[in-house]
Amino acid sequence: MRCLDCYLRPFCSHAALELPHQASSCETRLGIRSPHTWTVRTKSCTRRGLIKAKLSFVLAGLLPLTMQGGICGPHCMPWPLPPTWTLPKVEHSMLVLCRRKAVAAPTLLRSYRPGFNPNQEDSLPAGRSAVQEQLQEGFNFIGFALLLALILPSLQPRVPAFYRSTDALDMELHAAAGKHGDFDIRVEDVPDPADMANPQHRLTLVTASATSRPKARILIVANEHARELVTGEVALGLVKSLAEADSPAKGTAVGHGDRLRAAVRNGLELTVLPIANTEGRRLAEGLRPCQRGTADTPLVATDLNRNFPTDWSAGLQLNYLNVALDTHGLSPFSAYQARVIREIAMRHEWDAFLDLHSGNLSLNLPFGHTFGGSKDLQEQLRALEGVRKLCPECIAGPSRDVMKYDNPGQLTDWMYQDRGVVYSYVWEVFSAPGTCAPHFNPSAESELDATVDRWGSMVAALGEFVLERQGMQGTASSPRSVG
């Protein structure tokens, strides 16, 4: 087996590594002593000596450089590289990694040379001041951080190929428009009210009804969080079930298409915003499967479900797997998507509202910021009795109590508090072990079909409840006071 320095020297000039373990003679020459921690001795920026930077097992994995085996023998093995980086030999993978690291931080490591003493202080290179050395190392660190930001998100599990792309899903929505038996499906692109002329700031809205004077109205918003692609599929399933023949998923007791069509014919108007975060969803389909917020900038995004006025506060959280910051926005409705949702919400007096998410199995009620729920808690739970029969394992309760974390500026809370929609809910439709795509979305096509069918039936059950509550008479009710 070739010695490690054979691969480091040509591409990573300045390399002196320490990996404490029972070293071979080859490794002893390099000062290698540990299979789990890299100690990299770097050149001091001043004459105060050497700086020791320990790259832990985790950081090494991010590079990816986990030392569990490798080209120095059974003690080392480089992290498996993405398919596009795969080379015939393991040694070459380490060589490519080393070359990439050298590009990011060419002076981070000091070269091995015969007779090198890692404990001896270095003098500064001729013609370079201590300030110049500090600036150089600062730029190297920034380059290294940017390299991580570009590479790490793409290493996460991808969304399976059977999921529709954002553009394909949008095309299917528009194709569903038209007359379907007794009722119409209308599709429109709703612009940002603050920027009507911008063709990029539009969201697709679908409305299904059988009369110009419906007895009850339900508004559904899906895919606020980009990586929760299954919610867009559920929303599309609702639309398609109204436009196509019923085809229940394997393993489910009943399809939901006939049930929804009957509810619409009986006076229910169903309005669906299938993808609230189109640009973010496109990122989640590709190289950023952990994308949660909008696609404002590569490293900073707005969490749409924190951008509404109720209990809003400025804030941010690190989406570490996406190497990005998700903020609450500069102010409520600062995101154009939130303004479009507000525009839609102001059109009618809604009898029920659903915000579809994934990452849990739960039927969440207001509020997301305070414990204990609203004064209408019992009535909100009563409306879910028929729904919960279809998901007995689903937890039902106030969002703050169920999710165990703070949700200020939540859309559902604004629909309840400001728009007066008592039956306002966050439905979390799927959860599985894993991170990013497999955690938020079914990994098998049959499981996706079953999820779409199940939650479609649950929407139909809620529709039947609001119709029954209206006594099958009159028109859609006015919003109830929640003050």
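Student: In this predicted model, what is the volume of the largest pocket?

Tutor: The model is predicted, so its values are computed from predicted coordinates. For the largest pocket the volume comes to about 500 Å³.

Student: Which residues lie nearest the centre of the largest pocket?

Tutor: The lining of the largest pocket holds 29 residues. By class, 14 of these are polar, eight nonpolar and seven charged. Those nearest the centre are Arg 227, Arg 292, Gln 317, Tyr 405 and Phe 440.

Student: Which element gives the most to the lining of the largest pocket?

Tutor: Two or more lining residues come from each of β10 (316–319), α13 (399–403), β15 and α15 (437–440). The element that gives the most, with three residues, is β10.

Student: How many aromatic pairs are there, and how is the pair of Phe 367 and Tyr 416 classed?

Tutor: The count of aromatic pairs is seven. In the pair of Phe 367 and Tyr 416, the ring centres are 5.6 Å apart and the planes stand at 75 degrees. Planes over 60 degrees apart count as edge-to-face, so the class of this pair is edge-to-face.

Student: How many residues apart in sequence are the parts that Phe 367 and Tyr 416 tie together?

Tutor: Phe 367 belongs to the loop between β13 (360–365) and α11 (377–382), while Tyr 416 belongs to helix α14 (residues 411–417). The pair therefore ties together parts whose separation in sequence is 49 residues.

Student: Is Phe 367 buried or exposed, and what is the relative accessibility of Tyr 416?

Tutor: Buried means under 20% relative accessible area. Phe 367 has 10%, so Phe 367 is buried. Tyr 416 also counts as buried, and its relative accessibility is 1%.

Student: Where in the chain are Tyr 423 and Phe 465, and how many residues apart?

Tutor: Tyr 423 and Phe 465 form an edge-to-face aromatic pair, with 5.4 Å from centre to centre and 85 degrees between the planes. Tyr 423 is in strand β15 (residues 423–430) and Phe 465 is in helix α16 (residues 445–469). The pair thus links distant parts of the chain, and the separation is 42 residues.

Student: What are the relative accessible areas of Tyr 423 and Phe 465?

Tutor: Both values can be set against the cut-off for buried, under 20%. Tyr 423 is buried at 1%. Phe 465 counts as buried too, at 13%.

Student: What is the span of α16 from its first C-alpha to its last?

Tutor: Helix α16 has 25 residues, and at 1.5 Å a residue the expected span is 36 Å. After α16 comes Gly 471, which has a positive phi near 70 degrees. The reach of α16 is close to expectation, at 36 Å.

Student: Which residue lies over the face of Phe 333?

Tutor: Phe 333 is in one aromatic cluster with Phe 308 and Trp 414. At 4.3 Å from the ring centre of Phe 333, over its face, lies Arg 342.

Student: What is the omega of the peptide bond from Pro 366 to Phe 367?

Tutor: Most peptide bonds are trans. The bond from Pro 366 to Phe 367 is cis, and Phe 367 is in the loop between β13 and α11. Its omega is near 10 degrees.

Student: What is the phi of Asp 311?

Tutor: Asp 311 is in the loop between β9 (300–302) and β10. With a relative accessible area of 32%, Asp 311 is partly exposed. Its phi is positive although the residue is other than glycine, with a value near 60 degrees.

Student: Is Cys 436 buried or exposed, and what is its phi?

Tutor: Cys 436 sits in the loop between β15 and α15. Its relative accessibility is 4%, so Cys 436 counts as buried. Cys 436 is not a glycine, yet its phi is positive, at about 55 degrees.

Student: What distance separates the C-alpha atoms of Gly 257 and Leu 238?

Tutor: Gly 257 is in helix α8 (residues 257–265) and is buried, with a relative accessible area of 0%. Gly 257 and Leu 238 are 19 residues apart along the chain, and their C-alpha atoms are separated by 7.6 Å.

Terms used: Residues numbered from 1 in each chain as written. Predicted model: local features only at pLDDT ≥ 70, side-chain atom pairs only at ≥ 80, totals over all residues. Heavy atoms only, no water. Phe/Tyr/Trp six-rings, centres within 6.5 Å; stacked < 30°, edge-to-face > 60°. Helix = DSSP H or I, 4+ residues; strand = E, 2+ residues; numbered from the N terminus. Buried < 20%, exposed > 50% of the residue type's maximum accessible area, 1.4 Å probe, protein only. Lys NZ or Arg CZ within 6 Å of the ring centre and 35° of its normal. 1 Å grid on protein atoms, 1.4 Å probe; cavity = no way out; pocket = protein on both sides within 12 Å on 5 of 7 lines; lining within 4 Å. Points joined across faces, edges and corners; volume = space filled by probe spheres on them. Nonpolar A, V, L, I, M, F, W, Y, C, P; charged D, E, K, R; others polar. Expected span 1.5 Å × (residues − 1).
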